[in-house]
Amino acid sequence: MSERHGCSRIPTWFAAAAFVLGGVRAATAQEVRGQVWDRINNRGVSDGVVTLVAAGGTIVARAAVGPQGQYAFRAPDAGRYVLQFAGPGYGVSATEFTLAAAETRILRLEVTPLPPAELDTVVVEGQPVPRRLSGFHQRRASGLGEFITREQIEASNPRVLTDVLRRTSGVEVVRFDGGARIASRRDPTLCGGMRGAALVGPLMFLDGTFLGNGMEADMDALLSIQTIEAVEVYSGASTVPPEFNRSGAECGVVALWTRPGAAVETPYVRPVDFGAQVGGWIVSGGMQEGRVGGRAIIGIWPGVEMTAAVNAIVSGLETGNAGTNRTGSQIVLAPRGRPLGERSPWYVGGGFTYLSLSESRFGADEEDHLLAMTGVSLRRGRASPFVEVQLLDPFDPGDAQVHWYAGVTLRLY
């Protein structure tokens, strides 16, 4: 290991405090987590969508359940909420509860499957179809909306759900907040929108159950195209059938029908973030070896990311009596996870770093270290400002280094 200039031994209490800093910050938020449970079959429900609704009907969060029916949300405020589940073969279930400030509420939402008779078939145009889709085919015969069958979906070979909706004239697909949103083509002021509003979404239904507004969530992240049997689109209130006619239907309706027996999968869209950062090495006399660089973050799985960073180590950013300030370069590669869920701002991780450092142009020291990290990143639209602390050589407290970073990343996908 190369000699480290201007550094005294770092107190172990300082390193420990740095690592719990992110956890203390994250614990101040409200969380709702738990499982959707099939009380008849005595197992978790793997097909469906859970929605967290605040008092007044505002949708706070929405996500497809996990393989065992698990879900997790962060709530912006304390207060009254409704947790709603909708899924193929189950209909709608909901429970109301009160969430206190900084509380983590664990709720098991028990649901009952619909009677088997709901899956009986009827004959439409000489072809047997599931009974629950008979309304779709009756409305299709009226010709008042746009209707897409499974055969038409397969013929167009779409990659995601919005690829199907792009082919319709009643709605449009827009990029918003790093994902795809479904917007009405109507003037927002003519269908309940505020004057000057750019976009208003149509109402979304899944198997007849109201999901919310098309501008509120990325439907590609909620529903896999492999699960969709049929789609119907209505551009405005004059064409919306009574079963879908509710407040907000003036901007149109999109009704999605799932395939019999198909699971409502959650296709994980791996996000990619790039950004800039500054930082330095904290020593007893201040800060030395200031860093300026960039980082990339690639999602591997919900709540798990790979981060890579390249920094230029520059002079002129040292503080106090930090000693000699070397120049050079640094590479960091580390996986990290979010123990409190993928929407949690707090993350922890570990990996390695490589440094090339010099005090003159005649030579350079090369170092490589194991590292542990913790940090907080707060998503604000597509941007995520962050603060991060890294502990180099965490298993050797006598030689450990504490590095800090601050910056912002921008979600590109």
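Is R295 buried or exposed? Select R295 to begin: at 4% relative accessibility, this residue counts as buried (under 20% relative accessible area is buried, over 50% is exposed, and in between is partly exposed, with a 1.4 Å probe and protein chains only).

Before you go on, a word on the model. This is a predicted model, where local features need pLDDT of at least 70 and side-chain atom pairs count only at pLDDT 80 or more, while totals for chains, interfaces and linings use all residues. Residues are numbered from 1 along each chain as its sequence is written, and side-chain values use heavy atoms, with hydrogens and water left out.

Strands here are DSSP runs of E, at least two residues, numbered from the N terminus. Next, show E305, R336 and R338 as well; salt bridges that share partners join them with R295 and E388 into one network.

Move on to D273 and R411, a salt bridge with its closest N and O atoms 3.0 Å apart. D273 sits in strand 18 (residues 272–283) and R411 in strand 26 (residues 401–411), 138 residues apart. D273 is buried, at 2% relative accessible area.

Finish at R108 and E110, whose side chains form a salt bridge at 3.0 Å, N to O. R108 is partly exposed at 47%, and E110 is partly exposed at 32%.

Terms used: A salt bridge is a side-chain nitrogen of Lys or Arg within 4 Å of a carboxyl oxygen of Asp or Glu. Helices (H or I, at least four residues) and strands (E, at least two) are DSSP runs, numbered from the N terminus.
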